[in-house]
Structure formats: structure tokens, C-alpha cells
Amino acid sequence: MKKTTLASLVGAAAFAAAGAANATIVVGGENGYEFSVDGNINQFYIYTDQNSNGGGQDNSQVANGLLPTFLGFNVKAPEINGLTVGARVSISPSTNNGSYVNNSSAMEQREAFATVDGGFGQIMLGKGLGLYSANNILLDQTLFGVGATAFSAADSQNTGQTSLGRIGYGYDYAYWRSQIRWTSVDMNGFQFAAAIVDNDTGFFDSSNPAYTVDVAEKDPRYEASLTYATAFDGGSVKLWLDGMTSSVEFEGAGSERSNAWTLGGQLVMGGFEVVAAYYDNKGQGIGGLGGFGAFTTDGNARDGDGYYAQLGYRFGGQTFVAASYGESTLKRDSLLDAANVGTFSDLDKNSMTTIGVYHDVTANLKLVAEYSKMETEYHVRSGDDKVDVIAVGGFISW
């Protein structure tokens, strides 16, 4: 048994993209097969101080952050006739008590996929992180922290299975989706990927409960991503352009197309790291999960956009200090009435500022201290909602 920095599959890639010193335990056989195990356990003390028109909430939690715990199992076969077959299955149990009303289960199945690599690139079959907006979340400093604790600053701030990071406060969620994906080989730094994805079958939107998704008329979702990455003396650059499109069918109310795209980049130079990304969506709502203000009561898609910018410095390769700001906006719901003032139909903008310190004590132990200020503004309702979030905790990874 030996330790290696191999982090070739999606679950471990989340750690590698954010600069963690993650290790995977690999067991090799004489026949060329490899079996490996990787994972993490993270835990935070989270304090939120809410100042809302609906009343304040001073809340303390002991819970995991944006990432749940991970336990991943990987298999890699030897190359045969130019093809290499691999597979990954992971479980993502939450350490949280599940106090949030929509947290129906403390266990998630985020990854279960197989890959075939060859001269054509890679074919991926199964459930994994989506293409659209993946780089936005993987390069966000709050990936190893807590960030936002609810989809608006007016909600209950008891997190569900995980916190939100900057989801709904600067980018849409990539989500974990069942898919068939092709990724090209690296072409002088350029790489293209495209996927046909199982579409959403239902939405939670407390402000627009009138419409119901017709699962009998479900169409697939399509996603694509173009990236460019290169390294130079003392640094590196990564650029990406992602997009998605899907048709949402409503029972007895026709259909509406949902589209979104995002453009971003990362620059690493010396100890400095800069990340910036912009997105534009239609029918994705706050957070890109299909609900939370995505459609009007009669099923018309609402337009939204947003961005985030992040600046950090890595001291001695072990301590990353970063600050970021991001916001997500929605155009006004044309059917907004008095009954929906102050709900997601009325939501105008979510914004959040985050400052954090992320320190690698060892290759397997990371300590985190993070402060975020969430704010929600409305089209009609006067007065903003605000939440201060303080989180202290860390990761044990292998």
C-alpha cells in the first residue's frame, strides 16, 4: 500500500482544484489493476447573525461546510488495445443533524460513473459533477469553507446537508447529474467536453407552487464546456466557457426553454491567485437548481445573471488568504403581486462578501477560518435582509 497525490476523478478533483494536499490510498495488483480509496471529513462551528424584516436569527451550528464528507472508491484497469477503463463510486454522508426543513436525508449519492480513455479522449457514463459552472465552484475559496447558509438572507439559516458556498451569490450550481459525456484530448491547452444529461424532474419553489413539471414529457438537458489551460514560469492561466440548455415541460401549460452560460478565468502568478467569472441564465432562478424564482406563476422563465471576483495570496505554499465578492440577480417577475412580496418572486439580488484563511497544517489536515456577509435585496419590498456568518473548522482528508 502506498500514498500518492493521484486525484484523477471528480470527487478528489474538487480538492486538487482548490489547492489541497489530498492523498489517495492506492492498492495495486500483479495483474495491473488498481483499487484506491480517498475522502474527507470536515466540520465547522458556524455562527449566523441575521437582521431581517421578518425578524432576526442568532444561530449556532456544528455542521459540515459546502462539501459533505466523501468516501470514494476507485478502480482502474490496465490499458488493453489502447483503452483504459476506470470507475468511481462515492458516498457523501452529511455530519449534520438535518434540522433544515428540506433536508430529507443525511446521505447523498453524488458519484457513480465509469470512464473509458483512449486516443479519442474520454467517455464518461454515470453520475458526476455537471459541466456547466463546474470551474466556478471548484475554484471558489468557499469550496473549503462555508460561505452562504441559505438561498436568501431572509430564510432560516440552519443549513441542510451542506452549506451553499457562493451558490446563488455569484454563480449557479453545477449539481451532480446522470449523464453521458465525451471529453476531447488536450489540444495544445484546449479541451472540449459535451454531455447529454438527465433533466430535472421537479422544482421546489415556495413562491410559485402553481406549476408542476410534467415528467411524462421530459426532454434531456445538454451541457458543453470549452477550457484552455497553460503554465508558464512562476504561474498558470485557465479560461473556460460553459453552457447548458433544456426544455421544461409543464402539466397542461406548455413548455419553456431554460438556457445558461458562464465565462471565467483563473490567473496564478507567484503567490497571487485571481479568479473571476460571469454567468447569464434564463429559467434557472437563484442558484441554478430550477426553482427559487426560476419561473413566473404561469411558467414564463425569468432572466438572471451574476458574477464573482476573488483575490488570494498563498504564503509558503501552505496558507491561502483570500477575499471575494459576488452577486446573483433576477429580473422582476411580471406577475408579482402583494401576496408574493418578499418571496423569491420579489427577489432582486443576492450578494456576499467573504474573507477567509485556509491553512494546511499537514498534507491531511486543513484548518479554516471564514467570515461572510450575505445580503438580499427586493424589487418591491423595502428593506434589505442581511446575515453575518462566522465559520471556524477544517478538513481531515486522505
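Visitor: Is Phe272 buried, exposed or partly exposed?
Guide: In this predicted model, Phe272 counts as partly exposed, because its relative accessibility is 47%.

Visitor: Which ring does Phe272 pair with, and how are the planes set?
Guide: Phe272 pairs with Tyr313. The ring centres are 4.7 Å apart and the planes stand at 70 degrees, so the pair is edge-to-face.

Visitor: Which strands hold Phe272 and Tyr313?
Guide: Phe272 belongs to strand S14, and Tyr313 to strand S15, residues 303-315. The pair therefore ties together parts that are 41 residues apart in sequence.

Visitor: And what is the relative accessible area of Tyr313?
Guide: The value for Tyr313 is 29%, so this residue is partly exposed.

Visitor: How many aromatic pairs does the whole structure have?
Guide: A search finds 15 aromatic pairs. One of them joins Tyr173 and Tyr175, with ring centres 5.5 Å apart and planes at 80 degrees, so this pair is edge-to-face.

Visitor: How exposed or buried are Tyr173 and Tyr175?
Guide: Tyr173 counts as buried because its relative accessibility is 12%. Tyr175 is at 36% and so counts as partly exposed.

Visitor: Which residues form an aromatic cluster?
Guide: Phe44, Phe144 and Phe395 form one.

Visitor: What does Phe151 touch, leaving out residues up to four places away in sequence?
Guide: Phe151 touches Leu164, Ile167, Tyr169, Ile286, Gly287, Leu289, Phe292, Phe344 and Asn350.

Visitor: Now the strands. How many bridges join S16 to S17?
Guide: Eleven bridges join strand S16, residues 319-330, to strand S17, residues 347-362. The two strands run antiparallel, and Ala322 stands opposite Gly356 in S17.

Visitor: And how many bridges join S17 to S18?
Guide: There are 14 bridges between S17 and strand S18, residues 365-378, and this pairing is antiparallel. Within it, Val357 has Ala369 of S18 as its bridge partner.

Visitor: How many residues separate S17 and S18?
Guide: Two residues lie between S17 and S18, which form a hairpin.

Visitor: One last topic, the backbone. What is phi at Asn81, and where does this residue lie?
Guide: Asn81 is not a glycine, although its phi is positive, at about 50 degrees. Asn81 lies in the loop between strand S5 (70-76) and strand S6 (84-93). Its relative accessibility is 79%, so Asn81 counts as exposed.

Visitor: What about phi of Asn188, and in which loop is Asn188 placed?
Guide: Asn188, a residue other than glycine, has a positive phi near 55 degrees. Its place is in the loop between strand S9 (176-183) and strand S10 (190-197).

Visitor: Is Asn188 buried or exposed?
Guide: Asn188 is exposed because its relative accessible area is 74%.

Definitions and conventions: Residues numbered from 1 in each chain as written. Predicted model: local features only at pLDDT ≥ 70, side-chain atom pairs only at ≥ 80, totals over all residues. Heavy atoms only, no water. Pairing = 2+ DSSP bridges. Helix = DSSP H or I, 4+ residues; strand = E, 2+ residues; numbered from the N terminus. Contact = heavy atoms within 4.5 Å. Buried < 20%, exposed > 50% of the residue type's maximum accessible area, 1.4 Å probe, protein only. Phe/Tyr/Trp six-rings, centres within 6.5 Å; stacked < 30°, edge-to-face > 60°.
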